[in-house]
Structure formats: C-alpha cells, structure tokens
Amino acid sequence: MPKPGTADLPIISTRGLNPKLTYVLLFFDLDVVYDMNATVALHWYQPDMVCAMQRSSEMDICHGNRILERTDGYSNGGILVNQSMGAEYIAPRPPPFSHHRYVQLLFVQKPDFQFPKCYSHIFPPTAEARAGFDIHQFVAVARLGAPVAGNYFVVEYDGPVMKPTATASPTTTWLRSILCEGADPTGSAGTKACEMGGNLQVVM
C-alpha cells in the first residue's frame, strides 16, 4: 500500500461486530528499527468506539434493526466512531527503501474498563512516546481479553528516488520497560507509582 493511502484516520468497519458493544482499537508498526534494535511502535490507541452508520448525510448511533441489518445480533455494515480522545493517530511513514507491517487489533471495551495510568506516556504523537510499545503487556494490564477483529497491511516507502545505501539487520529486540505494580494497574489509592526503566533509544 502506498504511504498517501494511509495518511488519513482509518475507517473501521463494523461487519461481524455486535453493535451493542463498545470497542478499543490498537494500531501499531511491527518493523521499527533503530541502532540495531527491532521494536514495535504504537500509531493509534482509540477507546470508546461505537457502531454508527451514515444515513442522509447524518451519522446516527446504531440501535439494532432501526439502522443496521443484523444477523444473530451482529452487524452486517456500518463503521465505528470515536466518542472520546485516545492517543492521536500517527500515519505510517516507513523510511526509504523499506516496507513496514502495520496491524490493527480491536477489543471489546468492558463497562468497567480503565486506562492503565502507567501507559500515560503514549499520548504525545511522537516517536519518543510511542516506540517500544509492549502490546502483550498493555493488553494484560488493561484486561482487554482476546481481540475480536484484526487487520494488517504493508506500507512501502514511495518518496523521492535516492541512491540506496547498505543497511544492517537488527541484532536485538527492544521494548520499553514498564512496571505496573499491584492488583490495580490504573494507579488508584494503594497502588505504587509506575516506573519506566532503561533509556529510550528508538525512533520510528
């Protein structure tokens, strides 16, 4: 996929989803490399996504058969819309002479969902904030469960043609070290403050 095709905020289809539920989206790059380290970078975190469908140039919240045809309680169309702010979308930007794999995972957002405060560093739309994102740990401390939908695609560099230079393959894998202590990872009373260890040394 060419880079311009991913510049705008993605539109997420509701096909096969339960329109009565709320969802959380994670969108990340699997192929970030810096200083001989392979890592993962978060490009978008979006909670509070609900089912909607465009009708007569108006965006209405889905309410069963009134807007969407449904089969066994699941949607056959429509899109997900955001009801709150998440971690701002960063468009894919693979470096020259490369292609990166991008993954979207959608999770059901439980009624008691709380964002883990030890991950509050992800909100600035910068490489320093998003690099080294540990998907498995975030899903665990946020208690998201298994994803209910997913997608992936490859974006290729399509900028000015330049003379290629030799590049080395990464020799290690690096993820940001974050400690979310206690039974409650959201930082409420009785929970120790989250700590980040190690030096941030990865860029997208």
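This is a predicted model: local features need pLDDT of at least 70, side-chain atom pairs count only at pLDDT 80 or more; totals for chains, interfaces and linings use all residues.
The secondary structure of the protein consists of two helices and eleven strands. Along the sequence, these elements are arranged in the pattern β-β-β-β-β-β-β-α-α-β-β-β-β. Among contacts with a separation of 6 or more, 77% join residues 24 or more positions apart. Of the 204 residues, 41% are classed as buried.

In soluble globular proteins, nonpolar side chains tend to be buried together. In the present model, the largest nonpolar core contains 24 residues, and those with the most contacts inside it are Leu26, Tyr45, Tyr119, Ile122, Phe133, Phe138 and Leu144. At least two residues of this core are supplied by each of strand S1 (23-34), strand S2 (37-55), strand S7 (99-108) and helix H2 (135-141). Helix H2 provides the largest share, four residues. When residues up to four places away in sequence are set aside, Phe138 touches Leu26, Tyr45, Phe115, Pro116, Tyr119, Phe133 and Leu144. A second, separate core comprises 13 residues, including Tyr23, Trp44, Tyr89 and Leu106.

Arginine 176 lies in the loop between strand S9 (172-173) and strand S10 (177-179). Arginine 176 is buried but forms no salt bridge, and the nearest side chain of opposite charge, that of glutamate 128, is 8.1 Å away. The arginine 176 side chain does, however, reach the backbone oxygen of glutamate 128 at 2.5 Å. The backbone oxygen of alanine 131 is also reached by the side chain of arginine 176, at 3.5 Å.

Terms used
Residues are numbered from 1 along each chain as its sequence is written. Side-chain values use heavy atoms; hydrogens and water are left out. Buried means under 20% relative accessible area, exposed over 50%, partly exposed in between (1.4 Å probe, protein chains only). Lys and Arg count as positive and Asp and Glu as negative; His and the chain ends are not counted. A salt bridge is a side-chain nitrogen of Lys or Arg within 4 Å of a carboxyl oxygen of Asp or Glu. A polar contact is a pair of N or O atoms within 3.5 Å; within protein, one must be able to donate a hydrogen and the other to accept it, and residues adjacent in sequence count only if both atoms are side-chain atoms. Contact means heavy atoms within 4.5 Å. A nonpolar core is a set of buried Ala, Val, Leu, Ile, Met, Phe, Trp, Tyr and Cys residues joined through side-chain atoms within 4.5 Å.
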